[in-house]
Amino acid sequence: MKRTFIDITGLLFKSPVCLSLVYIIGISAFFLIYPTVDIWASHQFYNESGVFPATQSVFWNEIRYLNKYIIAWIAILSVAVLLLKLLLPRLKAIVDLRAPIFLLSTLIIGPGIVVNMILKDNIGRPRPRNIEEFGGSFPFIGVWETSPHCGANCSFVSGEASVALWITALAFLLPKAWRLPVAGLTLTAGLVFSINRVAFGGHFLSDTLLSWGITFLVIWLMYSLLYRHTPRWAQPDVLDNAFTSAGLWLQQRVWDVSTLGTRQLRSFSQKFR
């Protein structure tokens, strides 16, 4: 029995995917058993005047938008790397193309599809500022509990906390010597951005904590696919060659279209001679 327990524990610590699942289940269980912890946590950012003071703070509003700018720039740079390879196909890619694919795929699947499209638009949990305890008109709804009180872009789970945690994906792409300090820096930033949403009355504490687990699970699954158990199509040389072929094909199509357009224009202009 003891040996079995040790084997299971060892498996968990060797598998970040399993740890992520255990984290999600553990956080969910805690808030299902103690749902009022969510209300208590939000109350810490609510004052006697009936408002969440952080919403009126210029500084904390700037912090919120800083999160969006960081995400936008990482996404833009990732797309730019792929476009550059397509536009200049004969040149070797400036980085391993798995890196931008990893960043973009985790952003799209995690915060984009799982968090926003599946959970936020279907669970129906009202935001803290919209429930009766904080001056709203809706009842408090617990984690994973569906309700008709919110139709879209609801509280469960936090989209902004999800993208804040997603920034840590950068650490996965760096040399080992840089991973720990960058992970610490990005986790600290993610914590500030995430707690900011609780302070605004936009999300419950459980929304934030569960969005972290879900996003981290997606990151680890994609990292395992692209870097630990890399399939043939994702091998660096295969990807580089694929983008080279695609870029050359696009160049040829653009040349064909431009040639056809020039001929048509020349033929049209000759009618007026």
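This is a predicted model: local features need pLDDT of at least 70, side-chain atom pairs count only at pLDDT 80 or more; totals for chains, interfaces and linings use all residues.

Residues are numbered from 1 along each chain as its sequence is written, and side-chain values use heavy atoms, with hydrogens and water left out.

The helices are DSSP runs (H or I, at least four residues), numbered from the N terminus. Axes are lines fitted to C-alpha atoms over the stretch in contact, and angles run from 0 to 180 degrees between N-to-C directions.

| Pair | Angle | Axis distance |
|---|---|---|
| α4 (58-87) and α8 (176-199) | about 130° | 10 Å |
| α6 and α9 (205-228) | about 45° | 8 Å |

That angle makes α6 oblique to α9 (under 35 degrees is roughly parallel, over 145 roughly antiparallel, 65 to 115 roughly perpendicular, the rest oblique). On the α6 side, Ala161, Ser162, Leu165 and Trp166 meet α9 residues including Trp212 and Phe216, where contact means heavy atoms within 4.5 Å.

As for α4 and α8, the contact involves Trp60, Ile63, Arg64, Leu66, Asn67 and Ile70 of α4, with Val192, Phe193, Asn196 and Arg197 from α8.

Now for the glycine: Gly124 sits in the loop between α5 (98-120) and α6 (159-166). Is Gly124 buried or exposed? Gly124 is buried, at a relative accessible area of 0% (buried is under 20%, exposed over 50%, partly exposed in between, with a 1.4 Å probe and protein chains only). Setting aside neighbours within four places in sequence, Gly124 touches Ser147, His149, Cys150 and Cys154.

How values were computed: Helices (H or I, at least four residues) and strands (E, at least two) are DSSP runs, numbered from the N terminus.
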